[in-house]
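Below are some notes for reading this model. Please keep the structure open while going through the points.

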Amino acid sequence: MKKFTISVFTENFIGILNRITIIFTRRGVNINGITASESREDGIYRLTIEVTSTDEQIVQLVNQIERIIDVIKAFYYKDDQVVFQEIALYKLPVSSLDPGLEKVIRQYNARIISAEKDFVVIEMTGHKEDTQELLGILKKFNIMEFARSGRVAVSKPMQTLDQYLQ
Amino acid sequence: MNDTRIRGAEIVIKSLVAEKVTTLFGYPGGAIMPVYDALYDYIDQVDHVLTRHEQGAIHAAQGFARVSGKVGVCMVTSGPGATNLITGLADALIDSTPLVCITGQVASHLLGTDAFQETDVVGFSMPGTKWNIQVRRVEDIAPAISKGFHIARSGRPGPVLIDITKDAQFALGEFTYAPTFSVRSYKPYPPVNSKMVEKAAELINGAKKPFVLFGQGVLMAKAEEELRAFLEKTGIPAACTLLGSGAFSEDHPLYVGKLGMHGNYAPNILTNQCDVLIAIGMRFDDRVTGDLSRYATQAKVVHLELDPVEINKNVKADAPVLGNCKESLSLLIDQVHPSSHHEWLNEFRQLEQEEKASVVARDLSPTKTGLTMGEVIRYVNEFKDDDAVLVTDVGQHQMIAWRYFDFKNSRTQVTSGGLGTMGFGLPAALGAQLHNPSRQVICVVGDGGIQMTVQELGTIMQTKAPVKIILLNNNYLGMVRQWQQMFFDKRYSFTELENPDFIKIAEAYKIKSSKVEQREDLSEAVADMFLHEGPYFLEVVVAKEDNVFPMVATGCSVDEIRLS
């Protein structure tokens with residue numbers, strides 16, 4: 001089993017996400033993370049799905065995704081074939097702010113993006129291992145809330161979507 | 001200025017007319033009433049068949065589609081009307097049957113509110129459709145229907161569901177209909193890769209013991225002639241899958257039988273002895289392959305297949321030829337060398353003799369008391385037309401009828417293959433018959449399956465569709481009982497039925513009927529059935545505990561096929 005990133009380019013069609021996720025459900029494959037956004041092309045959306053799968057199964061999953069009528073193209077990549085990032089937000093009580101915390105923030109290239117009366121929100125962008133590590137440390141600073149996005153990824157291979165549009 | 005706008009409901013009907021739909025199977029209800037009202041003005045253009053249950057409507061549409069090669073159409077109301085389609089959708093999806101199903105939906109302001117007969121049909125049907133859509137605006141109705149027909153019939157065919165809200169049906173809009181020829185995100189016919197065709201030809205030309213397996217893909221591509229030409233040029237023996245029957249005449253000297261769990265002895269055994277396996281328009285279903293890890297491991301595999309998902313899904317192909325098999329076969333025919341394989345073909349014939357001497361003799365010319373299902377089919381063959389259609393339900397009778405029915409022409413079989421839907425047979429036969437009332441349609445059913453959709457006798461009565469129904473009654477859910485006997489120590493857990501008087505049921509529906517219990521009456525009864533012009537119901541009481549052989553038991557390899 002290894003980690004794969006699936007990039008799916010779709011028409012903006014109601015229910016498309018459901019159609020894609022039931023393919024994973026049917027085979028009992030857990031989606032580790034998912035993000036949706038627009039792509040470079042107007043009106044075409046891209047989904048980035050991170051799954052743990054096998055070399056054989058990933059091909060079948062991607063073929064099945066691509067069979068969906070409103071899916072234009074689906075690709076899959078191993079981790080070394082994509083440049084990817086995730087964003088994590090950490091909410092801490094104001095009382096935790098001290099030089100020790102500030103040092104940690106600098107050390108992890110994180111930053112405070114919001115400071116309210118009672119709490120601050122720290123943001124860090126990176127890979128899961130790094131944001132997870134910071135989470136471990138911030139637990140000592142009475143972290144109140146944590147949220148992490150799925151990955152956004154662009155591929156290293158120089159293929160473009162254009163060739164699949166007409 | 002004249003207002004040329006019409007109601008969405010009428011746009012639905014005009015769109016169907018534009019798609020040259022002549023027959024529509026359906027059942028009215030609240031949320032589809034505007035369309036039924038519009039239909040009232042078009043009954044001279046569209047023949048609507050009122051079934052007795054929505055499941056009957058969709059199976060009838062499937063039967064219609066399978067014999068005609070056209071898109072089957074059905075129309076039902078929201079809520080339970082729509083959910084009653086689900087089995088048929090799943091069946092049509094797995095057996096690649098083109099359907100367009102139109103469902104009424106509550107008015108759009110009520111969506112998501114648990115309104116009366118509101119259900120999330122688009123959500124329910126998503127895993128069971130090739131494509132589905134909810135239409136909430138009148139201007140989207142015709143484009144959705146146009147796109148739906150294109151998607152249903154092109155590429156690997158499948159069912160499409162179009163859910164139309166009641167307010168869109170009532171709203172006024174202009175009608176213009178533009179047939180859909182392409183959809184940006186959908187490439188139904190991947191181009192045939194000539195390199196792969198060359199590789200396939202190379203493998204075939206070098207083969208000593210090549211073997212062709214053909215499936216329904218040949219029928220769907222209308223590639224029957226190409227298949228025959230390919231086989232005759234190369235002299236390769238060929239066997240069919242359940243749904244491929246009819247794509248190549250069983251009278252042909254290169255035809256060597258049927259594949260799979262209850263297929264023939266020779267093709268199952270020799271699958272594991274061939275050196276090149278050429279699969280054409282089939283998907284290596286587990287009922288065909290048995291234990292995959294011991295399936296044709298000695299052979300190089302050539303796979304001609306339209307759907308990329310099927311390539312390497314179950315069996316790895318050495319030469320995967322993606323694309324329409326009509327096209328790839330044509331290319332292949334030019335590149336293969338004329339050849340013959342007499343010795344190899346003889347191996348099939350020898351094993352065939354073994355099967356004939358044991359199983360076939362016992363099934364077709366039994367000496368013991370108790371009628372066999374096989375001998376009923378033998379008499380059917382004797383009296384039927386060459387292009388008669390066999391429609392079966394699911395179970396022992398399905399396997400026996402498939403094994404022994406004489407398939408001479410293309411599109412002569414309708415059965416539920418992938419899903420194994422009991423209750424499919426009777427309504428599917430109705431649909432097949434209504435496509436062409438002058439073609440013989442023989443519906444073979446068991447006593448279990450017929451009771452799942454027996455209400456469609458009412459539709460047969462009303463339409464006078466001259467279906468010849470043969471009920472093979474063994475008072476058991478026979479296939480399950482056979483498994484209980486073989487694999488569950490004869491613990492017949494809930495498989496014996498207390499049955500009604502079927503003849504009285506047929507009589508109640510004013511369908512001419514007869515019942516046979518003795519061997520000496522069988523021939524005449526079958527002959528009489530075919531002589532009758534209208535629908536006919538023939539009940540044959542068969543041996544209670546007969547089994548279907550040969551059999552590749554679950555988990556076994558195809559060459560472990562048993563004759564008893």
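1. In chain B, strand E9 (residues 210–214) and strand E10 (residues 238–240) pair in the parallel sense over 3 bridges. Strands here are DSSP runs of E, at least two residues long, numbered from the N terminus, and two strands pair if DSSP finds at least two bridges between them. B:Leu213 stands opposite B:Ala239 in E10(B).

2. This is a predicted model, in which local features need pLDDT of at least 70, side-chain atom pairs count only at pLDDT 80 or more, and totals for chains, interfaces and linings use all residues. Residues are numbered from 1 along each chain as its sequence is written, while chains are lettered from A and ligands numbered from 1 in the order in which they are written.

3. An open sheet of 6 strands in chain B has the order E11-E10-E9-E12-E13-E14, with parallel pairing. Strand E11 (255–258) and strand E14 (319–322) of chain B are at the edges with a single partner strand each, so one side of each has no neighbour in the sheet.

4. The largest nonpolar core has 196 residues, and B:Phe214, B:Ile280, B:Val302 and B:Cys443 have the most contacts inside it. Such a core is a set of buried Ala, Val, Leu, Ile, Met, Phe, Trp, Tyr and Cys residues joined through C-beta atoms within 7 Å; buried means that 20 or more other C-beta atoms lie within 10 Å of the residue's own, with C-beta atoms placed from the backbone. A second, separate core of 9 residues includes A:Tyr90 and A:Leu92.

5. The domain assignment of chain B, automatic or from a database, gives domain 1 (6–173), domain 2 (194–348) and domain 3 (366–541). The C-alpha centres of domain 1 and domain 2 of chain B lie 37 Å apart.

Conventions
Helices (H or I, at least four residues) and strands (E, at least two) are DSSP runs, numbered from the N terminus. A residue is buried if 20 or more other C-beta atoms lie within 10 Å of its own, exposed if 12 or fewer, and partly exposed in between; C-beta atoms are placed from the backbone.
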